[in-house]
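Have the viewer open and follow along.

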Amino acid sequence: MYIVLEGIDGAGKSTQIELLKEWLIANGLDVETVVEPTDGDVGKLIRKILTYPNATDDNIQKTLGLLFAADRLVLMDKLEKLESENKVIISDRSFYSSLVYQKPQEWIYEINKYAKIPDLVLLMDLDVATSVSRCGKEDTFENEEFLTVVKDAYQELAESNDNFKVINANNGVNKVSSDIKKAVAPLFDICADCIQ
Ligand code: TYD
């Protein structure tokens, strides 16, 4: 099972991934977490480029699109191994991030055609103003104008893909966590009504 958390920067994905992981383990499941961009060689190069002042320029964005796709391909062997071991994979981001952060979309689909399709995408929906106020502004993407376009693109994906569930990430940590558990519970036949 491959579960992905998506959302604009500062939506609280890493906190929620840890809470979800603990809860699934308490329910007897074997869980592994992964992160995109990875901490491998390609991922490190990506993180460096994300701090460039011109990171939103067209050709740098295309370069990032290729690098994110390559970073994802390197991760693929690990995902396939974890799946073969019946592990539940929780991932911080996936190829859907490339579809909303990079462009053009048809080309991003093409260069990600070998990417794994998540069983469930939890879209952490956060107000852009809150996102920007939470971000350290280390990356060039962390500005209101850019993230507004990204948020709208996520909304479109959520409307056209059945594997998406939208989670209101403006709520407090506990409420967001229980909403996530309720969305995940049916995948494992866990009683969703029993979640507080
Ligand atoms: P991340 O470390 O998840 O940032 P945050 O914790 O603030 O959400 O991701 C780094 C940045 O990389 C983030 O701005 C989103 C961006 N990104 C893309 O532009 N395309 C991609 O394919 C991925 C995976 C991430």
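A nonpolar core here means a set of buried Ala, Val, Leu, Ile, Met, Phe, Trp, Tyr and Cys residues joined through C-beta atoms within 7 Å. Buried means that 20 or more other C-beta atoms lie within 10 Å of a residue's own, exposed means 12 or fewer, and partly exposed is in between, with C-beta atoms placed from the backbone. Keep in mind that this is a predicted model: local features need pLDDT of at least 70, side-chain atom pairs count only at pLDDT 80 or more, and totals for chains, interfaces and linings use all residues. Numbering starts from 1 along each chain as its sequence is written.

**The core.** The largest nonpolar core holds 31 residues, and Leu122, Met124 and Ile167 touch the most other members. Several elements give two or more residues to this core, among them strand E1 (2–7), strand E4 (120–125) and helix H8 (173–184). H4 supplies the largest share, five residues. Helices (H or I, at least four residues) and strands (E, at least two) are DSSP runs, numbered from the N terminus.

What does Leu122 touch, leaving out residues up to four places away in sequence? Its partners are Leu5, Lys165, Ile167, Ile180 and Ala183, where contact means C-beta atoms, placed from the backbone, within 7 Å.

**The sheet.** Five strands make an open, parallel sheet in the order E2-E3-E1-E4-E5. Strand E2 (31–35) and strand E5 (164–168) are the edges, each pairing on one side only. Pairing requires at least two DSSP bridges between two strands; E2 and E3 have five, in the parallel sense. Neighbouring strands are turned by 20 degrees against each other on average, direction ignored. H8 lies across E1, E4 and E5, at about 160 degrees to E5. Axes are lines fitted to C-alpha atoms, for helices over the stretch in contact, and angles run from 0 to 180 degrees between N-to-C directions.

**The whole chain.** Eight helices and five strands follow the pattern β-α-β-α-α-β-α-α-β-α-α-β-α along the sequence. The radius of gyration is 16 Å, close to the 16 Å from the globule rule for 196 residues, so the chain is as compact as a globular protein of that length. That radius is taken over C-alpha atoms, and the rule is 2.2 Å times the number of residues to the power 0.38.

| Chain property | Value |
|---|---|
| C-alpha trace span along principal axes | about 50 × 35 × 30 Å |
| Residues that count as buried | 29% of 196 residues |
| Contacts with a separation of 6 or more that join residues 24 or more positions apart | 75% of contacts |

Terms used: Two residues are in contact if their C-beta atoms, placed from the backbone, lie within 7 Å.
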